[in-house]
Amino acid sequence: DDRWAAMLLDHLVFAEPSHAGARALLAAVYEQLGYRAESGPWRDAYLSGALELRDGVQGTAVDPTRAVGLLLNTPVARFLDSMAVRLDGPAADGKRMKFNFVFTDVGETHVLELENAVLHHREADVVTDADATVRLTRELLVRLGVGQAGLKELVMSDDLEVEGSRLKLLAFLSLLDKPDGRFPIVTP
């Protein structure tokens, strides 16, 4: 039974990731499961797993600057949602920060609050107890998100208005991880 073999070999590969024999056997089992799968997504998952076991993590060569057009048409709230996912939780632990982001081109104001290593945002009026109020355009936020604008140069420049602590804003932005398109599918 290939599914039973896959389960046992998966445990072995996770216990000893460098065991070449277990990796080769699991790749062969995944390949057989992929060839017999009637579902396209399952076939892709099995064959991608076999490829990873044989050749290592594949990843992607996606260049975020190619997505600028898409991101410029993404609602600000969705873009801020992605910031919450990119937060480095252990580095943010114990930190409390609150910022107003006023987007001058789309007429929206969002409040971002970091507390308990979790980033929350909501569309709301400017709050008075914020560490800083940042006035910028959605385009500038996208450029920052895709790496076309560096944090230090952006925060210390005149390209945006910051009322309050620029250093706290810089500290907050440094808590965001850069996305990495390479991640393992079937290996630890």
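**View 1. Arginine 54 and glutamate 31 join two helices of the predicted model.** The closest N and O atoms of arginine 54 and glutamate 31 are 3.1 Å apart, and the two residues form a salt bridge. Arginine 54 belongs to helix H3 (residues 40-55) and glutamate 31 to helix H2 (residues 20-36), so the pair ties together parts of the chain that are 23 residues apart in sequence. Arginine 54 is partly exposed, with a relative accessible area of 44%, and glutamate 31, at 22% relative accessibility, also counts as partly exposed. In general, side chains of opposite charge can pair when their charged atoms come close.

**View 2. The whole chain gives the setting for the close-ups.** The chain contains nine helices and five strands, and reading along its sequence gives the pattern α-α-α-α-α-α-β-β-β-β-α-α-β-α. Of the 188 residues in the chain, 35% are buried. Among the contacts with a separation of 6 or more, 62% come from residues 24 or more positions apart. The accessible surface of the chain is about 11100 Å², and carbon and sulfur atoms account for 53% of that surface.

View 3. Four of the five residues of strand E4 (residues 132-136) are buried, which leaves the strand mostly covered. Five bridges connect E4 with strand E1 (residues 97-103), and this pairing is parallel; within the pairing, valine 134 of E4 stands opposite phenylalanine 101. Strand E5 (residues 161-164) runs antiparallel to E4, and four bridges join the two strands, with glycine 164 in E5 as the bridge partner of alanine 132.

View 4. Because glutamate 163 lies in strand E5 and arginine 135 in strand E4, the pair ties together parts that are 28 residues apart in sequence. Glutamate 163 counts as partly exposed at 42% relative accessibility, and arginine 135 counts as partly exposed at 28%.

**View 5. Lysine 168 and aspartate 131 link helix H9 to a loop.** In the salt bridge between lysine 168 and aspartate 131, the closest N and O atoms are 3.5 Å apart. This pair links distant parts of the chain, since lysine 168 is in helix H9 (residues 166-173) and aspartate 131 is in the loop between E3 and E4, 37 residues apart. Lysine 168 is partly exposed at 32% relative accessibility, and aspartate 131 is partly exposed with a relative accessible area of 23%.

**View 6. Buried residues line one face of helix H9.** Leu169, Leu170, Phe172 and Leu173 are buried in H9. Seen down the axis of H9, the buried residues of this helix fall within an arc of 160 degrees, so they line one face of the helix.

**View 7. Four charged residues are linked in a network.** Salt bridges link Lys98, Glu113, Arg122 and Asp129 in a network. The structure as a whole holds nine salt bridges.

**View 8. Asparagine 116 and alanine 117 have positive phi values**. Asparagine 116 is placed in the loop between strand E2 (108-115) and strand E3 (118-123), and alanine 117 is found in the loop between E2 and E3 as well. Most residues other than glycine have a negative phi. The phi of asparagine 116, however, is positive and near 55 degrees, while that of alanine 117 is about 60 degrees although this residue is not a glycine. Asparagine 116 counts as exposed, because its relative accessibility of 64% is above the cut-off of 50%.

**View 9. Trp4, Met7 and Leu8 make a nonpolar surface patch**. The patch made by Trp4, Met7 and Leu8 covers about 340 Å². Leucine 8 is found in helix H1 (residues 2-15), and with a relative accessible area of 45% leucine 8 is partly exposed.

Conventions. Residues numbered from 1 in each chain as written. Predicted model: local features only at pLDDT ≥ 70, side-chain atom pairs only at ≥ 80, totals over all residues. Heavy atoms only, no water. Patch = residues over 30% accessible without salt bridge, like charges linked within 9 Å, V, L, I, M, F, W, Y side chains within 5 Å. Areas by Shrake-Rupley, 256 points an atom, 1.4 Å probe, with all protein chains shown as cover. Salt bridge = Lys/Arg side-chain N within 4 Å of Asp/Glu carboxyl O. Buried < 20%, exposed > 50% of the residue type's maximum accessible area, 1.4 Å probe, protein only. Pairing = 2+ DSSP bridges. Arc of directions from axis to C-beta. Contact = heavy atoms within 4.5 Å.
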